[in-house]
Amino acid sequence: MSGSKPFYITTPIYYVNDKPHIGHAYTSLACDVMARFKRLDGFDVKFLTGTDEHGQKVEKSANAKGVDPKTFTDSVSQNFRDLAAFMGYSNDDFIRTTEERHKKACQALWMRLQERGDIYLGGYEGWYAVRDEAFYTEDELEKKPDGTRIAKASGAEVEWVEEPSYFFKLSAYEDKLLKFYDENPNFILPKSRRNEVISFVKGGLQDLSVSRTTFKWGVPVPGDDDHIMYVWMDALTNYITAVGYPDEEAEQYKKYWPADVHMVGKDILRFHAVYWPAFLMAADLPLPKRVFAHGWWTNEGQKISKSLGNVIDPIDLVNKYGLDQVRYFMLREVPFGNDGDFAHSAMVTRMNSELANDLGNLSQRVLSMIVKNCDEAIPAPGAYSEEDQVMIAQAYNLVSGVREKIDVQAFNDAIETIWLVIRAANAYVDKQAPWKLKKEDPDRMATVLYVLAETIRNVALVLQPFMPTSMDKMLGLLEIAPENRNFEACGEAGALMAGTKLEKPEGVFPRFIDHEELEKTYEGKDGTFLIKRALRQNPKNKETVFEIEFKDGKLDELNSADLEKAKEKGALTQV
RNA sequence: GGCUGGAUAGCUCAGCUGGUUAGAGCGCGGCACUCAUAAUGCCGAGGUCGGCAGUUCAAGUCUGCCUCCAGCUACCA
């Protein structure tokens with residue numbers, strides 16, 4: 001696994017003033033899947049995430065709590081580290097903008113830009129809203145009867161401020177940026193976002209104010225203590241801080257920079273696709289290879305906002321549906337780059353139809369047959385029929401197909417590619433009907449089951465980046481050793497050895513069954529019991545079998561139809 | 001307002017450079033099977049491919065116009 005091929009992927013650094021939500025989880029998830037995929041594919045990966053801890057809002061929040069900013073950020077930054085651990089992210093580093101290494105990098109970059117004449121001292125004046133940390137133009141404001149002005153967009157009160165400010169000569173990079181976009185058509189993905197960025201740049205670029213004097217919580221401008229650096233200048237630099245900048249001879253810097261992918265939400269694309277490349281051009285440093293802007297989630301069709309109170313907490317999601325299920329859903333439901341809707345019904349459909357029925361049941365039916373009919377061991381295959389060859393070829397070609405999709409961040413296409421094989425495998429089981437071959441032609445049965453086991457192995461291998469825990473379990477059921485789980489083992493190279501003993505399989509993906517009776521307590525002549533969970537449900541008549549728990553902890557099963565009858569007769573009453 | 005991209009089966013969407021009966025998943029209906037997590041497979045269901053007019057032997061697939069929708073339109077993370 002010693003990779004000679006480096007791969008560097010980053011999430012944005014998350015602003016600590018926010019509580020971690022689904023958006024943060026989503027960006028990092030995409031990076032995690034790419035990082036895991038690349039590692040399995042033999043790359044030497046660095047996956048970076050972290051927190052952005054400077055700015056006026058943070059300073060204010062800290063003041064409001066009566067603590068110094070550093071103490072405050074130590075605490076809130078931890079929320080993001082906790083989320084990463086909770087979601088199973090495999091980041092190799094976690095950077096904080098309050099770290100000394102970062103301050104050094106920012107100041108070094110600043111001085112470099114200044115030396116090259118791309119940073120100059122000027123003055124900034126305008127209508128400023130403290131609450132928004134933003135300047136507004138006259139037409140973005142509304143005059144109130146009392147003479148004060150508020151920002152139309154946010155309603156925040158603004159004041160006229162005049163302050164000296166350093167500027168970055170962004171205007172000088174318009175043509176260079178356009179040329180770069182032109183020469184690197186995949187620098188910004190998806191394409192639609194790329195068009196937006198290009199049209200923005202073509203519209204003309206003004207110099208950028210890159211320092212502030214109105215608050216203190218930031219990286220000091222070298223040689224001018226009255227100023228701190230503008231947040232984006234500070235924040236974007238994290239990507240090179242983490243690989244050792246300003247030491248351009250650092251091992252990590254030489255290995256990993258320029259980054260392969262900066263993953264960002266669509267709202268911060270401009271900073272990554274315009275400002276950041278311009279800063280790097282000015283510093284004469286290599287530019288990242290790709291900036292991918294993904295979309296946002298809605299909640300049951302509703303736009304998510306704090307004021308609506310419908311913010312989605314990824315921790316709640318995982319507790320309700322399961323970690324791998326949530327990871328799968330987020331990358332499966334929507335073409336990566338588009339906006340998506342997080343709907344409970346869609347989540348349940350994906351879980352049950354695709355994970356439990358298609359994949360989980362495939363492995364369960366095949367492994368059960370092997371354990372029951374092949375001496376609890378991987379059977380020895382005979383010569384392959386044409387249909388066997390077609391099946392096995394699909395399984396063996398899977399990695400390369402999935403790799404193509406992953407390389408352009410088409411996670412949803414990657415999953416679809418895998419599911420084509422899973423569906424083909426289920427069709428193959430039915431067509432070959434190994435349960436009939438058991439009596440008619442046991443050797444043939446052995447071959448079919450071997451082909452299926454191989455298919456499951458390959459499917460599980462390529463699904464590892466998406467669902468690490470479940471696939472660990474599935475590969476474990478096949479007794480695949482840890483060292484045989486990277487992509488070199490895909491295809492014939494890692495083929496299952498006949499005779500390998502298998503344990504009796506356990507379900508990998510449980511079904512999710514919704515029912516209004518869940519959690520209700522009933523009292524009857526047998527005692528008081530709680531309807532604990534739904535074990536299974538007949539999709540035709542919607543009858544459900546519940547697991548019920550009596551007061552003494554005894555468990556039993558109860559059919560929903562019987563429950564209804566008992567309720568009608570009055571034999572049971574809800575407590 | 002300007003720019004860009006959309007509008008295809010009940011739902012969510014594929015349909016590259018124009019070419020015989022327009023596809024998938026989910027949902028729905030029927031059949032088969034019984035290995036498996038009440039799972040699987042097969043078959044089907046008469047969608048004016050937003051509207052109008054063109055180009056062409058031939059148009060969801062190109063052109064124009066129209067109607068809706070979405071995103072972007074700078075110093076806000």
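In the predicted model, D375 is placed in the loop between α13 (344-373) and α14 (386-396), helices being DSSP runs of H or I with at least four residues and strands runs of E with at least two, numbered from the N terminus. Although not a glycine, D375 has a positive phi of about 60 degrees. D375 is classed as exposed because its relative accessibility is 64%; exposed denotes over 50% relative accessible area, buried under 20%, and partly exposed the range in between (1.4 Å probe, protein chains only). A positive phi, near 60 degrees, also occurs at Q409, in the loop between α15 (398-406) and α16 (411-432). Q409 counts as buried because its relative accessibility is 1%.

Two cis peptide bonds were identified, from L189 to P190 with omega near -5 degrees and from Y245 to P246 with omega near 15 degrees. P190 lies in the loop between β9 (188-189) and α6 (191-202), and P246 in that between α8 (238-241) and α9 (251-256).

Strand β20 (residues 544-550) has six of its seven residues buried. T544 is the bridge partner of Q537, while E549 stands opposite L555. The hairpin of β20 and β21 has four residues between the strands, and G553 in the turn has a positive phi of about 90 degrees.

Residues are numbered from 1 along each chain as its sequence is written, and chains are lettered from A and ligands numbered from 1 in the order written. Local features need pLDDT of at least 70, side-chain atom pairs count only at pLDDT 80 or more, and totals for chains, interfaces and linings use all residues, while side-chain values use heavy atoms, without hydrogens and water.

Terms used: Two strands pair if DSSP finds at least two bridges between them.
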